[in-house]
Amino acid sequence: MVAVPKATVQVRGMYLDDLAAVSALENASYEFPWSPGIFGDCVRAGHSCWVLCVDGNVAGYGILSTGANEAHLLNLCIGPDHRGRGLGRHLLMRLLDVARWNRAERVFLEVRPSNPLAKALYESVGFNEIGRRPRYYPARDGREDAIVMALDIP
């Protein structure tokens with residue numbers, strides 16, 4: 001039996017040099033992706049922007065906005081080739097640590113009802129649905145509501 005080396009997983013701050021890889025993952029993951037400019041604006045605005053690397057290659061990213069004792073998870077994505085391995089949970093837990101470090105008492109996010117895997121991930125760490133934003137997301141047939149979720153953190 002041959003031993004298979006375990007992948008090296010690292011979470012680090014996002015750099016402007018990462019935007020091409022982040023944008024490629026976004027485009028591969030969503031029908032209505034963020035533009036590279038939006039990611040650049042998030043980095044330049046000082047949001048907590050992180051990438052998850054597997055063996056040195058960007059495999060996912062997360063963006064968190066913090067202020068006034070709250071945090072808002074703006075985007076969390078693991079590229080299609082790396083899903084189903086717990087990397088989304090790993091990155092989410094790191095972002096929740098960042099929220100705590102910034103003294104956030106509550107974290108908010110929006111998720112599409114058509115994305116049950118993401119919703120299940122958020123629920124599994126304690127997020128609860130607190131409302132809906134009608135027609136929040138662009139969709140093939142017009143607009144899709146957003147489920148608003150929140151997590152109180154110690």
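Visitor: Is Glu 110 buried or exposed?
Guide: Glu 110 is buried, because its relative accessible area is 12%. Buried means under 20% relative accessible area, exposed means over 50%, and partly exposed is in between, with a 1.4 Å probe and protein chains only. This is a predicted model, in which local features need pLDDT of at least 70, side-chain atom pairs count only at pLDDT 80 or more, and totals for chains, interfaces and linings use all residues. Residues are numbered from 1 along each chain as its sequence is written, and side-chain values use heavy atoms, with hydrogens and water left out.

Visitor: Where is Glu 110 found?
Guide: Glu 110 is in strand β5. Helices (H or I, at least four residues) and strands (E, at least two) are DSSP runs, numbered from the N terminus.

Visitor: Which residues is Glu 110 in contact with?
Guide: Setting aside neighbours within four places in sequence, Glu 110 is in contact with His 72, Arg 133, Tyr 136, Tyr 137, Ala 146, Ile 147 and Val 148. Contact means heavy atoms within 4.5 Å.

Visitor: Change of topic. How many residues has the largest nonpolar core?
Guide: The largest nonpolar core has 30 residues, and Tyr 122 and Phe 127 have the most contacts inside it. Seven elements need naming here: β2 (48-54), β3 (57-67), β4 (70-78), α3 (87-101), β5 (106-111), α4 (116-124) and β7 (142-152) give two or more residues each to this core. The largest share, seven residues, comes from α3. A nonpolar core is a set of buried Ala, Val, Leu, Ile, Met, Phe, Trp, Tyr and Cys residues joined through side-chain atoms within 4.5 Å.

Visitor: What is Tyr 122 in contact with?
Guide: Beyond its neighbours within four places in sequence, Tyr 122 is in contact with Leu 73, Leu 76, Leu 92, Leu 109, Val 111, Phe 127 and Met 149. Apart from this core lies another, of 13 residues, among them Leu 19, Val 22, Leu 25 and Tyr 61.

Visitor: Where do Ala 68 and Arg 103 lie?
Guide: Ala 68 is in the loop between β3 and β4, and Arg 103 is in the loop between α3 and β5. Ala 68 counts as exposed because its relative accessibility is 78%. Arg 103 is exposed too, with a relative accessible area of 64%.

Visitor: What does Glu 70 touch?
Guide: Glu 70, in strand β4, touches Ser 65, Ala 104, Arg 106 and Phe 108, not counting residues up to four places away in sequence. Glu 70 counts as partly exposed, because its relative accessibility is 40%.

Visitor: Zooming out, how many helices and strands are there?
Guide: The protein has four helices and seven strands. Along the sequence the pattern is β-α-α-β-β-β-α-β-α-β-β. Buried residues make up 42% of the 154 residues.

Visitor: What is the radius of gyration?
Guide: The protein has 16 Å, which agrees with a compact globule of 154 residues, for which the radius of gyration would be near 15 Å. The radius is taken over C-alpha atoms, and the globule rule is 2.2 Å times the number of residues to the power 0.38. Along the principal axes, the C-alpha atoms fill a box of roughly 50 × 40 × 35 Å.
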